[in-house]
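Here's a quick briefing to read alongside the model.

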Amino acid sequence: MIASPFIRKLEHFALLSTEDRRRIEALIGRATFLAPHEHFVRPGDDPRSVHILLDGWACRYKTLPDGRRQIVSLFLPGDMCDPYVFLLDAVDYAIGALTPCTVAKVPARSIRELTADRPHIAEALWWQTLVELDLQREKIVSLGRRNAKERIAHLFCEVLARLAAVGWSNGTDCDWPLTQADLADITGLSTVHVNRSLQEMRNDGLIELHNRHLVVRDHGGLRETAMFDTIHLHGLAAETPRTPTTEPG
């Protein structure tokens with residue numbers, strides 16, 4: 001049986017036992033389908049559950065009063081959207097599906113019980129939270145210091161690494177469902193700058209992007225353009241999971 005992307009992701013952060021995996025599978029057993037543009041979360045919601053993305057792409061975003069959108073996080077298969085969000089009284093953002101999505105909605109009580117009973121799962125979830133914080137820091141660097149081409153190249157490298165970690169990519173190519181408007185909202189650019197940067201990367205022989213599929217032709221060149229370093233992904237970018245301090249029970 002192929003492990004779910006959520007389990008594969010957690011196993012980059014902690015060594016899970018058979019019982020850990022069984023408990024996780026039970027947790028995500030009831031999944032729902034969302035069509036593109038449907039929402040998991042809306043601003044002002046009282047978060048009593050946690051969402052785990054099992055398939056598809058989604059994003060966390062905020063919208064200004066004039067309608068301009070900034071995508072602040074990109075969610076990929078295996079991501080838990082804020083493991084401890086239920087500690088808040090309300091959220092100030094939206095989470096919406098960018099593609100058809102399969103999502104498990106897990107009550108806060110189940111998360112509390114699982115992390116109390118299974119310390120390696122709790123450790124893995126804290127690692128995920130820390131990686132998410134580093135993803136946000138790297139995004140701030142991109143928005144503040146990288147130029148248009150560098151921002152998009154960095155996003156390509158990062159997404160490929162994250163997808164490869166859960167078996168959704170070989171690290172060189174992947175499905176790419178994002179539109180140029182989505183890319184603009186992620187990178188803080190205009191669609192004109194996005195289009196121009198993509199064309200430059202094609203002309204430089206770095207990538208091919210056709211029929212919603214991304215192929216990296218020069219991985220070293222793309223990483224150099226992006227000034228990409230996997231350190232901010234920590235164990236998620238490793239070929240093997242990190243070694244925990246204790247054996248799973």
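**Cavity, pocket and domain contact**

Sorted by class, the residues lining the largest cavity are 7 nonpolar, 5 polar and 6 charged. Keep in mind that this is a predicted model. The chain splits into domain 1 (4-131) and domain 2 (146-233), and both domains give residues to that cavity lining, so the cavity lies between them.

**The cavity**

- How many cavities of 30 Å³ or more turn up? The count comes to 1, and the volume of the largest cavity is about 260 Å³.
- There are 18 residues in the lining of the largest cavity, and Leu135, Lys139, Leu155, Glu158 and Ile186 are the closest to its centre.
- Which of them gives the most to the lining of the largest cavity? That's α4, with 7 residues.

- The largest pocket holds about 300 Å³ of space.
- Its lining takes in 21 residues, with Arg60, Asp82, Pro83, Thr129 and Glu132 the closest to the centre of the pocket.
- Helix α4 (residues 119-145) has the largest share of the pocket lining, at 6 residues. So α4 is the top contributor here and to the largest cavity, going by the rule used to assign helices.
- By class, the pocket lining comes out as 12 nonpolar, 2 polar and 7 charged residues.

- Taken over C-alpha atoms, the centres of domain 1 and domain 2 are 24 Å apart.
- The contact draws on 18 residues from domain 1 and 17 residues from domain 2.
- Put together, the two domains bury about 1600 Å² between them, and 63% of that is on carbon and sulfur atoms.
- Which three residues supply more than any others of the area that domain 1 buries against domain 2? They're Trp57, Arg69 and Leu74, with 33% of it.
- The interface of domain 1 and domain 2 also has 3 salt bridges across it.

**Salt bridges**

- Over the whole structure, a search picks up 17 salt bridges.
- Arg69, one of the three residues named above for buried area, pairs with Asp182 in a salt bridge, with 3.0 Å between the closest N and O atoms.
- Asp20 and Arg118 form another salt bridge through their side chains, at 2.7 Å from N to O.
- That pair ties together distant parts of the chain, 98 residues apart: Asp20 sits in helix α2 (residues 18-27), while Arg118 is in the loop between α3 (108-117) and α4.

Key. Residues numbered from 1 in each chain as written. Predicted model: local features only at pLDDT ≥ 70, side-chain atom pairs only at ≥ 80, totals over all residues. Heavy atoms only, no water. 1 Å grid on protein atoms, 1.4 Å probe; cavity = no way out; pocket = protein on both sides within 12 Å on 5 of 7 lines; lining within 4 Å. Points joined across faces, edges and corners; volume = space filled by probe spheres on them. Helix = DSSP H or I, 4+ residues; strand = E, 2+ residues; numbered from the N terminus. Nonpolar A, V, L, I, M, F, W, Y, C, P; charged D, E, K, R; others polar. Domains from an automatic or database assignment. Contact = heavy atoms within 4.5 Å. Buried area = accessible area lost by both parts, 1.4 Å probe. Salt bridge = Lys/Arg side-chain N within 4 Å of Asp/Glu carboxyl O.
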